[in-house]
Amino acid sequence: MKLKVYADRMSQPSRAILIFCKVNGIDFEEIHIELSKRQQLSPEFQAINPFKKVPAIVDGRFKLFESHAILIYIASAFPGVADHWYPADASRKAKIHAVLDWHHLNLRRGAAGFVLNTVLAPFLGLPLNKEAAAEAEKVLTSSLSTIENIWLKGDGQYLLGGFRPSIADLSLVCEIMQLQLLDEKEHDRILGPHKKVQTWIASTRNATKPHFDEVHNVLYKLKLRLSLKQSSQADGERKSGIKGPIISKM
Amino acid sequence: MMGKLKVYADRMSQPCRAVLIFCRLNGIDFEEIKVDISKRHHLSPEFTEVNPLQKVPAILHGNLNLFESHAILVYLSSAFPGIADHWYPTDVFRRAKINSVLDWHHSNLRYGADLSLVCELTQLEVLDEKDRGRILSPYKKVLGWIEDTRTATNPHFEEMHNILYRAKKKFQQQRSRIAESGTEASNMGGHSKM
């Protein structure tokens, strides 16, 4: 029985799983769960993951959720996954766990919170929250600095000084990609100061092509839609002489 | 030959306690090095070398320095002989389920743990201002910590404690009425368990 991956490509951890499977030639079926249509709340999906979150997998009779646990499981249970993704060496493995653990309350909390509360919430039927956005931005910038100065220290261009990517690189880069939805100025303001981070994103993207861009297509399309909306709003404001923020942050 | 395991911990921290208990239970030979957060030891240059993120718990095992309690627990389970399989099973399916819980814990239970403690203390809110002041004021750090946790978990914190604040208001009103009427204040039974 084929591995089933329940995912929404708008979800950062979903993308990490999909890219990982494709890069490693794993035979799987992608089952789309549309978050904007609240499909994660269906009784069918709840039977898969009672926490109603994507990604989730079903491997035969074995069900699993939480993207890091899934990445580790796939790396361990499927043959042909190269060692650099999840090394057998206990020390290197431990360091990867440390990054993945750190990620939850740092980069993920900051990046997801910031994008949600400045751009994405309306698509999920939620209100934008200015205070939450400000709080999330602090966590985000602090996390990016930590990646720049601590996690990317070392000889290689990947996390923890690695010369090849690991599941930690994939998980964190997919998270940062969500920032693509911000308007150009915001995006550059936040990522601009972090040169190593930018190089690392490019390396990871390159190491996993063409799957990286293919899986991120939904995100790129939404980004385009948003930037066109932003330009037409800006045009409208210029014509009517009304001053105002390009994207309403409330 | 690996040097002796060093565990950098502050026993006020739950994840530190988890690591210490794990080591003790499994008879792991280690040295506990106390890092007093309240005295800002975690910000010292010596400790920053062990963990550049300046957090406890952290371990030093030979050349390996490691932090994040879950990563530490998993590492110890694998690195030391004689640790019972049930702690971190070698079976890939059982292990995956444990990893899943550990991940979920980060985003959910950990906030809950701090929260439940602060909730306990917030029950003191229903006391008369003077009493509460008397009890809590010597503990500036506790007050600070309550505020931090409150801030970190708002708006949910305030929302959940609304019922407590309403009760406080009720008691205050009752106290004023009693004071006015000159009736002797009976035991109000200030902290009801929420």
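In the UniProt record, an unreviewed entry, residues 3-84 of chain B are listed as "domain: GST N-terminal". The model you are looking at is a predicted one. The end C-alpha atoms of that span in chain B are 23 Å apart, and its make-up is 35% helix and 22% strand. Chain A has an annotation of this kind too: UniProt (unreviewed entry) places "domain: GST N-terminal" on residues 1-82 of chain A. For residues 1-82 of chain A, the end C-alpha atoms are separated by 23 Å, with 35% of the span in helix and 22% in strand.

**Where the chains meet**

Let us turn to the contact between the chains. Chain A brings 26 residues to the contact and chain B brings 22 residues. Together they bury about 2300 Å², and carbon and sulfur atoms account for 66% of that area. Which elements of chain A each supply at least two residues of the side that touches chain B? They are strand E4 (62-65), helix H3 (67-77), helix H4 (90-120) and helix H5 (130-151). Of the side of chain A that touches chain B, H4(A) gives the largest share, with eleven residues. As for polar links, six residue pairs, both at pLDDT 80 or more, are in polar contact across the interface of chain A and chain B, while zero salt bridges are found there.

**A helix under cover**

Over in chain B, helix H3 (residues 69-79) is largely enclosed by the rest of the structure, because eight of its eleven residues are buried. The buried residues of H3(B) are B:Ser69, B:His70, B:Ala71, B:Ile72, B:Val74, B:Tyr75, B:Leu76 and B:Ser77. What covers the buried residues of H3(B)? The cover includes H4 of chain A, and from chain B it includes strand E1 (5-9), helix H1 (14-25), strand E3 (58-61), strand E4 (64-67) and helix H4 (92-107).

**Cysteines without a partner**

How many disulfides does the structure hold over all chains? The count is zero. A:Cys21 takes part in none, and the nearest cysteine sulfur to it, in A:Cys174, is 12 Å away.

| Residue | State | Relative accessible area |
|---|---|---|
| A:Cys21 | buried | 0% |
| A:Cys174 | buried | 0% |
| A:His104 | buried | 11% |
| A:Arg61 | exposed | 84% |

Why does A:Arg61 count as exposed? A:Arg61 has a relative accessible area of 84%, and exposed means over 50%. A:Arg61 lies in the loop that joins strand E3 (56-59) and E4 of chain A. From A:Arg61 to A:His211, which are 150 residues apart along the chain, the C-alpha separation is 28 Å. A:His104, by contrast, is buried because its relative accessible area is 11%, and buried means under 20%.

Terms used:
Residues numbered from 1 in each chain as written. Chains lettered and ligands numbered in written order. Predicted model: local features only at pLDDT ≥ 70, side-chain atom pairs only at ≥ 80, totals over all residues. Heavy atoms only, no water. UniProt positions renumbered as here; feature names shortened; annotations may be inferred. Helix = DSSP H or I, 4+ residues; strand = E, 2+ residues; numbered from the N terminus. Disulfide = S-S within 2.5 Å. Buried < 20%, exposed > 50% of the residue type's maximum accessible area, 1.4 Å probe, protein only. Contact = heavy atoms within 4.5 Å. Buried area = accessible area lost by both parts, 1.4 Å probe. Salt bridge = Lys/Arg side-chain N within 4 Å of Asp/Glu carboxyl O. Polar contact = N/O pair within 3.5 Å; in protein donor to acceptor, adjacent residues only side chain to side chain.
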